[in-house]
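Colleague: Could you take me through the labels on this model? I'd like to hear the cut-off behind each one.

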Amino acid sequence: MELYSQSREEAVQTLGTDPARGLNQRECQRRLEQYGKNELRPAKRRGLPARFFSQFQDLMVLILLAAAAVSFAVSWVRGDGEYVDSLIILAIVVCNAVIGTVQEVRADRAIQALKKLSSPHAWVIREGRRQRVESSQLVPGDLVVLQAGDLVPADLRLLKSAELKIEESALTGESVPAEKDAGAHCPGNAPLGERKNMAFASTGVASGAGVGVVSATGMDTAMGRIAHMLEHEQSPRTPLQQRLKRMGKVMGVGVVLICAAIFLLGLFQQRPPLEMFMIAISLGVAAIPEGLTAVVTIVLAMGIKRMAQKRAIVRHLPAVETLGSTQVICSDKTGTLTQNKMTVVAFSSARGEERLDSPAAQFALELAALCSDAQKVGEKFTGDPTETAFLRACKRGKGELEGCYPRVGEIPFTSARKRMTTAHRLPEGGFRLIAKGAPDVLIARCTQLLQGGEIRPLTGAMKAKLLSDNSRLAERALRVLAVAYRDVSALPSDDRESESQLIFCGLIAMEDPPRPGVKEAVAQCKRAGILPVMITGDHAATALAIGQRLGIAESPSQVMTGPELDRLDDGALSKKVFQYRIFARVSPEHKVKLVRAFQQRGMVVAMTGDGVNDAPALKAADIGCAMGKNGTEVAQSAADMVLTDDDFSTIVAAVREGRGIYQNIRKTVHFLLSCNIGEILVVFVAFLLRAPTPLLAIQLLWVNLVTDSFPALALGADPIQGDVMEQPPHKREEGVFSGGVGFAVAVEGCLVGALALLAYTIGRAFFDYDPAAPAIGRTMAFCVLSLSQLVHSFNMRSEHSVLKLGLLSNRKLVVACGFCAILMVSVVLFPPLSALFQTTALTAFQWLIVAALSLCPLLVVEGEKLLWEHLPRKKKN
């Protein structure tokens, strides 16, 4: 019920409650049955079996399962008991499914976190009696009593308020507690932050007291609507998942067509059907990079470890790479770009601005600290953020000041008076009256001013200058308070006299300052082709001032407010979204709307934030980055990544890491696919020549799982190139094979395949006694295919010569290739393995031929790189 636009009387009448006695127990029970408990509905979660079997929906996985089934069936029909091929394929698929299920089990806990924020009990007035009840039992129409320190248990339309301030930063993004006024009238389209007559569920009462009538409970509250958004919000597929999915579809369809064509062609040539089945299976095994999914998963896991060392904790594996493709970073202001801590940044006396450590500034800060209710308990400051700012800026502690000037009286702050006054006993006798408040209100009550340590009359011209100084500070989006005092021999008899004939001391200006290093991080984002955008619930002027200081925005024309957003539909917003850099006074729904607007323009969007109000947008974005120190559990649970130091600049380091990981994954895919093309070529050409199969299915599996996978993993750990942040981000529609990679994969694959075929032909023609059973030729082809791929892995490291990088600059690759070479030789020389893989021993001369052919990929590709570097052309992508 939108009761904020109604008067108190109308709201009570709408809810059908007695504003003095509240509801009776019978009515409470009836409404509880009607509206349900005041709880957030838990999200539906899939069970482990459903999560596990969902991992088998990928087309390449289904083709592998089909290949395993056919291989098993053929072995069963033959009765040869050779089930190794099918068992290995099945083991790979199951292993990948287990990894995927484990990642998904780290499911989103946003709804549970939201429930934890709910207040367990509340004070209500029922049947004229004040009583304490479980907050889950609250119903619309209940009268709730609020006091400082309480969590608001439900959405309330306030009926009474006394200096009531509520901390709403987690919901609205405002950095200071919101002042509440039960008598305020709000328009029907007022955003959350401007509904001064409302208190919202799960926000905290900072000071004051009030009474409100429950207007909404459970999922109908503002917090519940966020929970509802989270429940229905689906995290989009990451760019990497989309690219691999597209690649998998192309490869899967291609493999099926090739295998079907080969099988039909063999039947046309009147070859035995079972033999053709095995050739088709061998071709399918050669075409599909079985280890690709596992290798990519492990590369991403290694990236997670490195990013954790850089204080970025990744909750979902694919999010590691997504940052590297990020084109827009939508950042919350409060607590993300700023410190969410009011800080004194300027002081202006009658002589103009002075340093904060000057005698005049420190004297004014001491007065402001005394005229406040903030305290320092241990190392923690408690109280209103504005007042705690005085304590932080004051060199003398609050305890020391109060020991010298004990408080003996107080006139509290009210929104109508806009000032607070306290009375303190002076050590030498008499009393000091201290007032702080709105500059225009307090200056009007001053007759003198403190200038250079001397008290002088306050003239009309000087008053005008002070008000001008106040306006100048306010234009910088600073919160400005004036401080004044007066010494008296006896306390005045009434409040009016206490707050007259004051001595003006100065203007104290505060702000929620930017985090250190954020400005540099924003500049780095721009250099990297990333658009930084501020999305906040704070006022437009405050947001613009911070945005200009950080380099996010340049002029007011780049600021859009929530009400302006409401007037645009999704299509219109998508067309205009790039005209703005700051979106102020926005609601959680607005944040999701903006994220989707950028996504509709094809952008990969990252969203950062720390509050409950950021959670839906964090989940809707391609990657959500939550703050770890001061972020709410809701935001952290909805996000893909958590920054443990709450530092925006950490995002830049994470982007660099993400781009490096994407480069390494691309190298890995390039390497694996070029190797698989070589394997396809060997099998396919031999079939066309009616030659015996040069490679058995188990040998192809060995190449794919061992001599391919270990170097691919080492490529995934390749050092990040130095110019990675000077390049534009990868576009969402950009494929894995863009930038000439597809052509390079085909050419290099043909080279590897041709070398293996050449080895097969040499062995079969010159060394095998029976060409129909080419044991030596098959072994030489097996060795050349494996070893040439190991050599080829060094070509993948860079578009520049590997000699410039240094052969030992990636020691993991050297170790991986050395290990795989030893395994390869063992398969030939160790009799049990030789029997399993059907290889035969080679002579020294035959090994020399194998070695010479295996080194060819490095020599050829190095020559190609040298040629490209000396030709006048644009830089390769």
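Modeller: Let's start with burial: a residue is buried under 20% relative accessible area, exposed over 50% and partly exposed in between, using a 1.4 Å probe and protein chains only. This is a predicted model, so local features need pLDDT of at least 70 and side-chain atom pairs count only at pLDDT 80 or more, while totals for chains, interfaces and linings use all residues. Residues are numbered from 1 along each chain as its sequence is written, and side-chain values use heavy atoms, with hydrogens and water left out.

Colleague: Then why is Glu-862 called buried?

Modeller: Its relative accessible area is 15%, and the cut-off is under 20%, so Glu-862 is buried. It sits in helix α35 (residues 844–870); helices are DSSP runs of H or I with at least four residues, strands are runs of E with at least two, and both are numbered from the N terminus.

Colleague: What is Glu-862 in contact with, leaving aside neighbours within four places in sequence?

Modeller: Asn-795, Ser-801, Val-802 and Leu-803, where contact means heavy atoms within 4.5 Å.

Colleague: And how much of the chain is buried?

Modeller: Buried residues make up 55% of the 877. The chain has 35 helices and 26 strands. Among contacts between residues at least 6 apart in sequence, 72% join residues at least 24 apart.

Colleague: What makes Glu-194 and Arg-585 a salt bridge?

Modeller: The rule asks for a side-chain nitrogen of Lys or Arg within 4 Å of a carboxyl oxygen of Asp or Glu. Here the closest N and O atoms are 3.4 Å apart, so the pair passes. Glu-194 is in the loop between β5 (178–179) and β6 (198–199), and Arg-585 in the loop between β23 (582–584) and α24 (588–600), so the bridge ties together parts 391 residues apart in sequence. Glu-194 is partly exposed at 36%, whereas Arg-585 is buried at 6%.

Colleague: How many salt bridges does the rule give?

Modeller: The count comes to 27. In one of them, Arg-355 meets Asp-357 with 2.9 Å between the closest N and O atoms; Arg-355 is exposed at 61% and Asp-357 partly exposed at 37%. There is also a network of salt bridges that links Glu-353, Lys-465, Asp-469, Arg-472 and Arg-476.

Colleague: How do you know that Glu-499 and Arg-419 meet in a salt bridge?

Modeller: The N to O distance is 2.7 Å, and within 4 Å is what the rule needs, so they qualify. The pair links distant parts of the chain, 80 residues apart: Glu-499 is in the loop between α19 (495–498) and β20 (502–511), Arg-419 in strand β15 (residues 419–425). Glu-499 counts as buried at 4%, and Arg-419 is buried at 10%.

Colleague: What makes β24 and β25 a pair?

Modeller: There are 4 bridges between β24 (residues 605–609) and β25 (residues 623–627), in the parallel sense, and at least two are needed, so they pair. Gly-609 stands opposite Ala-626 in β25.

Colleague: Last one: why are Leu-265, Phe-268, Phe-684 and Leu-688 called a nonpolar patch?

Modeller: Patch residues have over 30% relative accessible area and no salt bridge, with nonpolar side chains (Val, Leu, Ile, Met, Phe, Trp, Tyr) joined within 5 Å and like charges within 9 Å. Together the four have about 400 Å² of accessible area, computed by the Shrake-Rupley method with a 1.4 Å probe, where for residues only the protein chains shown count as cover. The elements giving two or more residues to the patch are α9 (239–268) and α27 (648–688).
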